[in-house]
Amino acid sequence: MDKNTVFKRSFNNLDLEDSDVENASAVSNSQPLAKKLCLKEQISGAPNDKNEMDEFGDDLDCFFGDDDNFDLDLMELNEAEKFVLDLTTWKRCKIVSLCTDVGTVTLVVEDKIAKTKAKCILEPPWISVQLSEGSTVSLKATFDRTNNVYRINAQDGMIVTNPDHLVSGTTVVGALYCHRRGVLQERFRGVDTDSQIMTVGTIVHEVLQKTLRNKLTDLSDIVAAGQELLNSEATENLSMLFEVNEYLICSTSNRIAVASGRVVSVGKRQVTINLERDLSKYYAKEMFHLDKYTSRTQMTFNLTNIGVLLDNSERSDKLRRIIIDRERPTFTRTVPAAVSAEAKQILQNLNKHQKIAVLTAVGTKTYCLFKGLPGTGKTQTVIALIRLLVAMNKSILITSNTHSAVDNVLLRLLTYNIKFMRLGSVSRINPALTEFSENRLTENCSTPEELAAVYNSHQIVGVTCLGADHPMLVQRTFDFCIVDEATQVFQSAVIRPLLSSDKFVLIGDPDQLPPVIKSRKAKDLGADESLFFRLDAEQSCCVLPTQYRMNKIITKLANDFSYKGKLLCATEEVANSSVKLPMAQLMQQKHKSEKWLLRTIASHLELSVVLINTLNTFKSSQTYNASRKRESGEQGEQPKAIYENYCEAAIVIYVIMALVDCGIDGSSIGVIAPFRAQVDLLRYYLTLFKQFCNVQGGASIEKDLDIEINTVDQYQGKDKDIILYSCTKSNNPDNADAQTSTPSEYEILEDQRRLTVAITRAKKKLIIVGDTQCLEKYTPFRSLFKCIPSAGKITLRDKCFGFDWDGVFNTLDSLHDCE
C-alpha cells in the first residue's frame, strides 16, 4: 500500500482517544472463584418471596454473625458463581448490564466466546465514556481483591468502545495533540471534505460495516441501512461537531461570514458563541450557518506539505533549494521557431513590460515572479502566458488561494476556446464553469482506466492550493504551475501544487494584502510572509508598472504612499480621466448653498482625491443611535465607535444620494470600510435609500443603485470609478487614555498594505471620510494625509461652507420613514 492510499483512507465511528489497541482473543480463565456476595438492590431478577428465603435460612446461619442485617438469595449466589472472567488481560466482551452511580459506573460484562462474566467498576475519567447494554467493548482491568471486583481508573486499565472499527496510525498520532480532534476528524471526514471520491468512499465503508455486522442480504435492507446512516442522529449532536474555544464563522442564508467568534459552551442541540457584535439588529429573522475556521481544519494539510517538502526525492530537493536556500532562477529567452508566429500574435496587444514578463516566464528553468502593481493588467498577462504555453504544448496547473481567483483566470480562457478541467466541489466554483468541472467531465467513467484517461487528457487543470492534494495531482507532473494572488497564500499551503509541477510562476503584489494570520505570535514568527515575498528579488522578478486603472492624481497618491514612483499611467487618456456628471447643473441648483458637497463631488481632475475631516464624531454618533432606538422602541448597548460610526455613514449616504442625483450609475460607485459592522450599517442605509426611491416614484432608479459596499479584503482585485472609504474610528474625547495611547501594531488601521488596497481601487475619484485627529495616531494614515494636497481637504464644521449636521441626519431620518 503506497503512502497516498494511507493518507486518503477514512476510518470512522471512533470513540477511542488514546491509542489504537488490537483486540485480544478471548482466553479461558482458570482463576479460582472468589467468594462474591451481591445485594438484592444490585442484582435485577432476584426473587423477593420471603417464604422462599425461609426455606433455606437455617442451613446458612453459620455463614453470618448476628450483626448481619440482610438476607442471602440463592439466585444471587448462583449469579456470583458466574463472575469468573479474568479481565487482567485484554478481553472482548458484551455489556450485560450497566449501573451508573455517583462517580462510578458498574458494568457486568460477558466474554463473547466463553460466555463467562465479570463485574467491572469504571472510575474517573472513564465514567464519561458513552456505553450501552448490548454493545461490544474490549477492556483490560485490575482486580480489587478487597471488594472482589475489577476496576478501571486513571492509573490502571482501559476500555475501548467500538473495537471493530479500524483506526489508522496517522489518526492515532494526530490524536496525541488533540484527542477530540482526532476522533471528529475521522468521524466527519467525508462530510466536511470537498472531495467527492472521499465522501463516497466513507459512506460505502460505513454501509459495508453495517451490512456485515447485521448480516444483511436483501438489497432493500442495505439501502435502508445506508439511508439510516445518512440521517444518523449522531450528526445532529452539536457536541460531536464543535468544542469549547473553537473558532467559528457565522453566516446567514443570504450572506457569508457576517461574524466570527469562539465557542463558549456546547450542548446536544445548542451552541453558545461569543461574537464580536450583536447580530439581532440586522439578522433577527435570518437562519444562521456555522463553519469551522478554515485554518484550524487545514492545519494537517499545511503540516503534511512541510513533511513532503522534506521527502528524499528529486522534486522535493529542488524545491528545498528554492524555498529554503532561496536559489535564484536562471533563464533561456528563446521561443521555439515552430510557434514564433503564433507567439507574436498572442503578444501583440501587450505592453513592453508585459511581453518581457511572459517571455521571461516561458524561458525560466525553475521559477519566475510577476510583480503586478495595481491596475497593471496582471490577469491579461497571465492569460497571454497560458496561451503561449498551450501553443508550446505545455501542461499547466492553475491555482490560487480562493475559488474566485482560480475561476477568474479560467473564465478568461473561455474567450479563446481553451479547454480545461476544474477540480473541486461544484458548489464552490463559478456556475459558468460547471461543464468543465471534474464532476461533469467524469460522470460517464465506469472504470479506473477511463477515469485516468479523462484526467490525463486535459492540458490545463484549475484547483485551489488547498485542493491540490487531489489524487490526480499525485499521479501527474505539470510543466508549469501558475499561482495567482500568490502574496495572499499561506507559504506552506502553496508547497503542494508546486510539488506537482516542474516550474512555477508566482503572480502578486507584496505591497497589498498578505495571508490572513490570526495569531499574533505566529505573525511575530513570520507566518504572514508569503512565498512571493520570500523569493522577491530583482533577478527573480518581472515588474509590471504600467497601469490602466487610476488617473494621474490617484496614481501620484499611490506612488507617494506606497510604490515610490514605480506606477506609470498607460496613456494620456487614463492619466486625465475624471468623473463626468451628466446632471451637474441640476446638482448645483439643488445644493448651491452646500459648498462642501459641491467640492466633494466636483469633476475637476485636481479634486480626484478628497479627504473629508468629520472632526470627532464619537458622541454625535452615539446620540443619534440612541435617539433612533428610543423612537423605534429598541433596547441594547451603545455601539463602540471602533465598529460603527453613524456620522460617517450619514456623510457617505448623503454623498451617494448627490452622485445619483447627478446621474452617476450606482454600479460605478463603491464603498469600503475596514470594519464589518460599519459595512453592515452602510448596507442597511443603502437598502433604505432604495426603498425611498421606490416610494418617491423612482422605481426605475433602483437598477442604478447596484452599489457594492464591502471590506478592504473583499475589494482586493476589484475597482470602481468612484470609491468612498469610511475610516470609521473616532475616539471618546472624555477618555484621556484613548487620546494619548499608542495603537497596537496588530490593529487593522495600522496595516499599510490594507490602506494601499483601499486607495488603489478608485479609477477617477477617491473620497476618504474620517476623524483625522484620531486617525493620525496610526502611521499609515499619518503618511497618507501628508500625501493629499490641501485643495482636496475639507473639514466639516456646522454652518461652515454650507454644512449642517442636522440637515445630514434629517436626510437619514427621511430614509427611516420608508421602513
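1. Buried residues make up 47% of the 819 residues in the chain; buried here means under 20% relative accessible area, exposed means over 50%, and partly exposed is in between, with a 1.4 Å probe and protein chains only. Keep in mind that this is a predicted model, where local features need pLDDT of at least 70, side-chain atom pairs count only at pLDDT 80 or more, and totals for chains, interfaces and linings use all residues. Residues are numbered from 1 along each chain as its sequence is written, and side-chain values use heavy atoms, with hydrogens and water left out.

2. Now the overall make-up. You'll find 36 helices and 26 strands in the chain; these are DSSP runs numbered from the N terminus, with helices being H or I of at least four residues and strands E of at least two. Of the contacts with a separation of 6 or more, 73% come from residues 24 or more positions apart, a contact being heavy atoms within 4.5 Å. The chain exposes about 40800 Å², and carbon and sulfur atoms supply 50% of that; accessible areas come from the Shrake-Rupley method with a 1.4 Å probe, and for residues only the protein chains shown count as cover.

3. Have a look at helix α12, residues 299-309, where F301, N302, N305 and L309 are buried. They sit on the same side of α12, because they cover an arc of only 95° around the axis; the arc is that of the directions from the helix axis to the C-beta atoms. Their cover includes α13 (314-323) and α21 (495-499). L303 is in this helix too, but at 54% relative accessibility L303 counts as exposed.

4. L303 also belongs to a nonpolar surface patch with M299, I306 and L310, and together the four have about 390 Å² of accessible area. Patches are made of residues with over 30% relative accessible area and no salt bridge, joining like charges within 9 Å and nonpolar side chains (Val, Leu, Ile, Met, Phe, Trp, Tyr) within 5 Å.

5. On to the aromatics. How many aromatic pairs does a search of the whole structure find? There are 13, and one of them is Y282 with Y684: the ring centres are 5.4 Å apart and the planes at 55°, so this pair is tilted. It links distant parts of the chain, with Y282 in helix α10 (residues 280-283) and Y684 in helix α30 (residues 676-695), 402 residues apart. For the cut-offs, rings of Phe, Tyr and Trp (its six-membered ring) pair if their centres lie within 6.5 Å; planes under 30 degrees apart count as stacked, over 60 as edge-to-face and the rest as tilted. Y282 is partly exposed at 22%, and Y684 is partly exposed at 22% as well.

6. W805 and F809 make a stacked pair, 5.7 Å centre to centre with 25° between the planes. Both are in helix α36 (residues 805-816), four residues apart, about one turn of the helix, and both are buried. These residues belong to one aromatic cluster whose members include Y282, Y684, W805 and F809, along with W596 and Y624.

7. Next, the charges. The structure holds 23 salt bridges, each a side-chain nitrogen of Lys or Arg within 4 Å of a carboxyl oxygen of Asp or Glu. D719 and R549 form one at 3.2 Å, N to O. D719 is in the loop between α31 (712-715) and β24 (720-726) and R549 in the loop between β19 (546-547) and α24 (552-563), so the pair ties together parts that are 170 residues apart in sequence. R549 is buried at 12%, while D719 is partly exposed at 29%.

8. D751 and R754 also meet in a salt bridge, at 3.7 Å, N to O. D751 is buried at 18%, and R754 is buried at 16%. For K799 and D804 the salt bridge is 3.5 Å, N to O; K799 is exposed at 63% and D804 partly exposed at 25%.

9. Is S395 buried or exposed? At 11% relative accessibility, S395 counts as buried. It is in the loop between α16 (378-391) and β13 (396-399). Beyond its neighbours within four places in sequence, S395 is in contact with residues including Q459, R476 and F480.
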